[in-house]
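I opened the model today and kept notes as I went. Each entry records what I looked up.

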Amino acid sequence: MSAARTTSARTTDVIVIGAGIVGCAVAYFATAAGLSVTVIDRDLPASGTSSRCEGNLLVSDKELGPELALTQYSLGLWTGELAEFAARWEFEAKGGIIVASRESSVASLNRVTRAQRSFGINAIALDPDQLREREPHITPAALGAAYYPEDSQVQPMLAAGHLLALAVDRGATVVTGAPVTEVVRTGDRITGVRTPAGDFAAAHIVNAAGTWAPEVAALAHVDVPVLPRRGFVMVTEPLPPMIGHKVYAAEYIDNVGSSSDGLQASPVVEGTPAGTILIGSSRERVGFDTTVSTAALGLIARNAAALFPFLATTRILRHYHGFRPYSPDHLPVIGPDPRAPGLWHACGHEGAGIGLSVGTGKLLAQAMTGAEADLDLTPFAPERFAAGPPATEPAPAAATTIPQEETA
């Protein structure tokens, strides 16, 4: 960190560092609120995690608490304020189904749905016959399921690109190929950044750098403990319509909430309008290791075939992987950083970043303009890691956790 240069810096109300979907959503809502915005990215828009994921907008996998509230708020924006643009990013309210294949899991799944319904989630229990009416090709081992009609999907690169384009239409500037190398301080405040493309000044500097957010935070001498968590997705050959929803086995929820460093995999399967089937998911903390893991791919494939047996003889055309920005307490980091006034954070959403992006963007825009935010940002406060986890009241584990299913 250093003092401001004497050379002129380009000045705007808001600098957004990172042009993934979260940064693009911040730019969209900030410009909608009348703020001038410059978006700066080390590479190209949506070239990181946003280009290497499935585009989930899920309520079904959220535990009761602040993340669920942010999910419901965000989904309301996707289907409300942003609905006029739905075709641009291929919004699809396909619904999600959690499948249980053991009696104990069915009982636990029923407890989960009862608890979720009390928080306004539309969760519908399915018996085996009702499940097979919706998904005829599901495994014969399935004993029951829960159906979530609110679970939806977007094409993530289209969503990021169009949110950014809409912000540009309102005057936002985009600077690419410009990694932030320094953070500028004027007195006690963060007032700008330096990049190979020049200096930029703003009243608000938003760290939306995803898995690289800790590097940006470190330039301001603050710690944001976001880590990369690698995940793989497989893509099949095009097929006639075989799967109508996003379908996953019960242990997916446990893996989402786990802090384990090791390889975890649970079947998540869905069709696409093009006829291909997306198959996930895996999670492991291996830093930024881009090595293709045959162990992860093999486990994903076996799990998927256990859920939908026809996949055992389906050709895989390709696979891809990315790095989810993982936060130790599984809550994103959103809001102003009192340790570095002028610096804001919008990162650490892990696998929920696509769905939560628009809620994050609108809440930050409200806070930056001095308006009362629609949701309390305290649970997501950047400084919470130094002070210990924020006080929350999670539901009892039995109400929100499903025993892991056995997989092949």
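**Entry 1: helix α3**

I began with helix α3, residues 103-117, which has 15 residues. From first C-alpha to last it reaches 21 Å, close to the 21 Å expected at 1.5 Å a residue. The expected span is 1.5 Å times one less than the number of residues in the helix. Helices (H or I, at least four residues) and strands (E, at least two) are DSSP runs, numbered from the N terminus. I then listed the buried residues of α3: S105, V106, S108, L109, V112, T113, A115 and Q116. Buried means under 20% relative accessible area, exposed means over 50%, and partly exposed is in between (1.4 Å probe, protein chains only).

**Entry 2: ground rules**

I noted that this is a predicted model, in which local features need pLDDT of at least 70 and side-chain atom pairs count only at pLDDT 80 or more, while totals for chains, interfaces and linings use all residues. Residues are numbered from 1 along each chain as its sequence is written, and side-chain values use heavy atoms, with hydrogens and water left out.

**Entry 3: the whole protein**

I counted 11 helices and 19 strands in the protein. Of its 408 residues, 55% count as buried. The protein exposes about 15700 Å², and carbon and sulfur atoms supply 55% of that area. Accessible areas come from the Shrake-Rupley method with a 1.4 Å probe; for residues, only the protein chains shown count as cover. I also looked at contacts (heavy atoms within 4.5 Å). Among those between residues at least 6 apart in sequence, 77% join residues at least 24 apart.

**Entry 4: the core**

Which residues have the most contacts inside the largest nonpolar core? I found W78, L82, L163 and V206, in a core of 65 residues. Helix α1 (residues 21-32) gives the largest share of this core, 9 residues. Domain 1 (10-52 + 157-225 + 329-385) and domain 2 (96-149 + 227-326) both give residues to the core, so it lies between them. The domain bounds come from an automatic or database domain assignment. A nonpolar core here is a set of buried Ala, Val, Leu, Ile, Met, Phe, Trp, Tyr and Cys residues joined through side-chain atoms within 4.5 Å. In soluble globular proteins, nonpolar side chains tend to be buried together.

I picked V206 and left aside its neighbours within four places in sequence. V206 is in contact with V14, I15, V16, I17, V26, W344, A346, L364 and M368.

**Entry 5: helix α2 and L77**

Helix α2 has 14 residues and reaches 20 Å from its first C-alpha to its last, close to the 20 Å expected at 1.5 Å a residue. Its buried residues are E67, L68, L70, T71, Y73, S74, L75, L77 and W78. I checked what covers them, and the cover includes α1, β4 (56-57), β8 (152-153), α5 (156-169), β18 (333-336) and α9.

L77 lies in this helix, α2. L77 has a relative accessible area of 6%, so it counts as buried. Not counting residues up to four places away in sequence, L77 touches F29, L82, A83, V358, G359 and K362. L77 and L356 are 279 residues apart in sequence, and their C-alpha atoms are 9.9 Å apart.

**Entry 6: helix α9**

I found α9 (residues 353-368) mostly covered, with 15 of its 16 residues buried. G370 follows α9 and has a positive phi, near 85°.

**Entry 7: V37**

V37 is in strand β3 (residues 37-40). Is V37 buried or exposed? It is buried, with a relative accessible area of 2%. Beyond its neighbours within four places in sequence, V37 is in contact with T12, V14, V16, A27, A30, T31, G171, A172 and T173. V37 and T173 are 136 residues apart along the chain, yet their C-alpha atoms are separated by 6.4 Å.

I noted a cis peptide bond between G280 and S281, with omega about 0°. S281 is in strand β16 (residues 277-283).

E90 is a residue other than glycine with a positive phi, near 55°. E90 lies in the loop between α2 (66-79) and β5 (96-100). Its relative accessibility is 46%, so E90 counts as partly exposed.

H221, also not glycine, has a positive phi near 65°. H221 is in the loop between α6 (213-219) and β13 (227-236). At 64% relative accessibility, H221 counts as exposed.
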